[in-house]
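Biologist: Could you take me through this model? I would like to start with the strands and then move on to domains and the chain contact.

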Amino acid sequence: MSRQIGEVILDLKNVSLSFGGVKALTDISFDVHEHEIRAIIGPNGAGKSSMLNVINGVYRPQQGEIVLRGTRFSRMNPYKAAQAGISRTFQNIALFKGMSVLDNIMTGRNLKIRSNLLQQAFWWGPARREELAHRAKVEEVIDFLEIQHIRKTPVGRLPYGLQKRVDLGRALAMEPSILLLDEPMAGMNVEEKQDMCRFILDVNDQFGTTIVLIEHDMAVVMDISDRVVVLDYGKKIGDGVPEEVRTNPDVISAYLGASH
Amino acid sequence: MAESLYGPVPETFPRWLLRHARERGGQPAMREKDLGIWQSWTWQQVADEVRALACGLIELGFQRGQNLAVVGDNRPRMYMMMTAVQCLGGVPLPLYQDAVADELLFVLLDAEVRFLFVEDQEQVDKVLEILPQLPALRHLFYDDARGMRHYTQAFIHDVRELLAMGRLHNANHPDLLDSEIERGVGDDVSVMLYTSGTTGRPKGVRLTHHAFISAARGGAEFDRLTADEEILSYLPMAWVGDHLFSFAQALVTGFTINCPESAETVMTDMREIGPTYYFAPPRVFENLLTQVMIRMEDASAIKQKMFHFFMAVARRCGAEILDGRPVPLGDRLLYAMGNWLVYGPLKNVLGMSRIRVAYTAGAAIGPDLFRFYRSIGINLKQLYGQTETCAYVCLQPDGQIKFDSVGKPAPGVEVRIADNGEILVKGPMLLQEYYKRPEATAEALDADGYFMTGDAGLFDDDGHLKIIDRAKDVGKLANGAMYAPNYIENKLKFFPYIKEAVVFGAGRERVCAFINIDLGAVGNWAERRGLAYSGYTDLAGKTEVQGLIQECLEKVNHELLAEGALADSQIHRFLILHKELDPDDDELTRTRKVRRNFVAEKYAVLIEALYSDRRSQFIETAVKFEDGRQGKVAADLAILEAKSFAVSGRATR
């Protein structure tokens, strides 16, 4: 494979997050290397989504820090995260149901649009050129995800598997360097999962995008990830390449439901 | 036909290409929708790219007479590659893009393919899977570079490398290709197409430039096609019809071919292009109509009323107006209004607003379906032909349309009916031979040079040819009455709820049938009745669905009774199959024709049950999924009785 795992791009140090008395994450540390596929797994309620929300600044941890490409963020927020090249998809798809696939993916370009509202309203000069360039990028995403046939279909009319794909498309339109995927394959059938796996691998391979994903399907995780972090009750109980994690006794007991 | 509007007729397709590049170099020859935009190639650009491809092939050692296989969706470069191969006196060999590796293997070995051009990674992977069995393969080119970065094998090339190599070669030897093209003559083989193989393994049909050019020109003159036609090229390139319409006729008349963005976008792309010349097998017309009807059922009451009112008007006089026959003034006015309110918008939605000539062939088309399209003003006609005859035997002339005939012999074609009812044809469009199968060639051509089509047919009083069935399929029931299975199956398939039917009865006392329901139409029917179902097998097993199918069968029995000679072919018992017949399971050919003997063998236990007194039968079947994995489907099938009608003077039960 020509894909080369690079330096540490994202480093989480001693992150703790609690909501009132509930400890969602306790002293979690792990790092993500450039170009790698990093999975976060764990039973329900283990704190996986919270972890993702900490990374892109939706939640602010009470303790710990995030180091992104050498820059320390003790107070990350979603805007800063997006500007730093982090984009994400959502567990319960958060698309604009009444808008077409094309327009939804176009919203992924929002951060990169420079022209102002007035220029856009008149579709004049630079605004026009800019929109055409963004549209061309969006078309590349559409081609990449093979969703040409639903380009103009309102998202609300699409089956679930395709909506997930559009969600990924919007995240890709940002041309992210780090992509956070929150259960990209939840609720899909085997064929849809296979497609989604292929897209994730292709994104990683062709664009060199670093991917952090949460997933429940163990077979998928073990197949496509380079390294896996295992959380249970907000604590890290395992970290390493899939084979290591698979044989880790703590992980096995967490998944088989042995007494803690 | 020796002279055309522009002087002598070029003998080979590459010469036609050079002529169009000279005469209409700036006109669009091909379009393809890519990244949401229609990209076009002018005739000059096509000629340049073909030149580069051909020179690249010379550089890699491609020899005269060698075969080059092409596997992929309809893409401009795939068509260009075929012409490039022809420039060098080679034979392009388009293959079905959805063929599984095993099927490819057979053809690639049979044709001793050394050069292979495929569309994308999916096809490359398929070839790599069978690579150890292909010692002759030297070079594999791909068109779409996506996902191909890690394929480092030396024999796999991006087609852009071939183009670059060819441009360099052409710069060094600028006259070489022209002299190669000069060496080509009309009697050279221009293409090899494998027959779908309803019977046995596929055979490579070799057709000359002369044959295809004669067929293409004959058809073009018959329908007065011009260089201004637009056509959507979306049917498999391996199929003779696509080769005739998208390749041969485009090169002979100079019209523009348009390649859709993907197989799923065909309907949208068709709307955008608005083809003037269109070809589709009956099932495509049927799917379109089903979609229209389903959407109409969701329309508001006023729209539904309007639709049904004007469709009744169209049924009454639409086809007559299209054929230029006399129609009362009142109807004409109503039709004009309907055209404004219903037919026009409908045609627009279907992308058929600009169609001058549309053809269907490959299977029988239902009379209602056929009349529907004609009545809304689409000049839909039927043609008859096979791979061995460049799909050019009979055509329906404008204004002389019958749904149950395939028209008159095309210009330059002689048609005769043999004593056993078999249709024999002769003309310039006949095949040269079956590749490496002299005995099969000898069997197919009789002593007078007529090709034996294997179809049974007859001429009606107006000189129109009517196809009844495959000659060898026309059999007899135990009591000696005529039995034409395809004829009955087609009648069944005319119902929107029935997707496939296989009937049995040769040499037996009674006729029985297997039915495949149409998941879309029956699913919709079930939804409207609030019937819940989980999938095909579940839906097919519902008592309500069985009742629905039973009604259809009883209507067919009624029609068969009325046909006299076929009254004994009424269907007595039937069952609804638990899985859809599928080419991946070898039950259908790639062109979706039922392989009767294979099905009979595979489901022998079901046939036995049909002819017993049993009320149900358990069956378990292995199925192949699209990704090549195997699975099993099992079900307990109910065996049902259809009411049959007494033939006068005799009891049938």
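Biologist: How many bridges join strand β1 of chain A to strand β2 of chain A, and do they run parallel or antiparallel?

Modeller: Eight bridges join β1 (residues 8–19) to β2 (residues 22–33) of chain A, and the two run antiparallel; strands here are DSSP runs of E with at least two residues, numbered from the N terminus, and two strands pair if DSSP finds at least two bridges between them. Before we go on, this is a predicted model, in which local features need pLDDT of at least 70 and side-chain atom pairs count only at pLDDT 80 or more, while totals for chains, interfaces and linings use all residues. Residues are numbered from 1 along each chain as its sequence is written, and chains are lettered from A and ligands numbered from 1 in the order in which they are written.

Biologist: What lies between β1(A) and β2(A)?

Modeller: The two strands form a hairpin with two residues between them, and A:Gly20 in the turn has a positive phi of about 60 degrees. Within the pairing, A:Leu10 stands opposite A:Val32 of β2(A).

Biologist: Which residue in β4(A) is the bridge partner of A:Ser16?

Modeller: That is A:Gln63; β4 (residues 63–68) of chain A is joined to β1(A) by five bridges, again in the antiparallel sense.

Biologist: And the six-stranded sheet, what is the strand order?

Modeller: The order in chain A is β6-β7-β8-β3-β9-β10, an open sheet with mixed pairing. β6 (86–88) and β10 (235–240) of chain A each have a single partner strand, so one side of each is left without a neighbour in the sheet. β6(A) pairs with β7 (residues 178–182) of chain A in the parallel sense over three bridges, and there A:Ser87 stands opposite A:Leu179.

Biologist: Switching to domains, where are they in chain A?

Modeller: Domain 1 of chain A covers 1–85 + 177–187 + 208–260 and domain 2 covers 93–175, with bounds from an automatic or database domain assignment. Their centres, taken over C-alpha atoms, are separated by 28 Å. Five residues from domain 1 of chain A and six residues from domain 2 of chain A make the contact, where residues count as being in contact if their C-beta atoms, placed from the backbone, lie within 7 Å.

Biologist: How many residues does each chain give to the contact between A and B?

Modeller: Chain A gives 11 residues and chain B gives nine residues. On the chain A side, helix α5 (residues 125–144) gives the most, with five residues; a helix is a DSSP run of H or I with at least four residues.

Technical notes. Contact = placed C-beta atoms within 7 Å.
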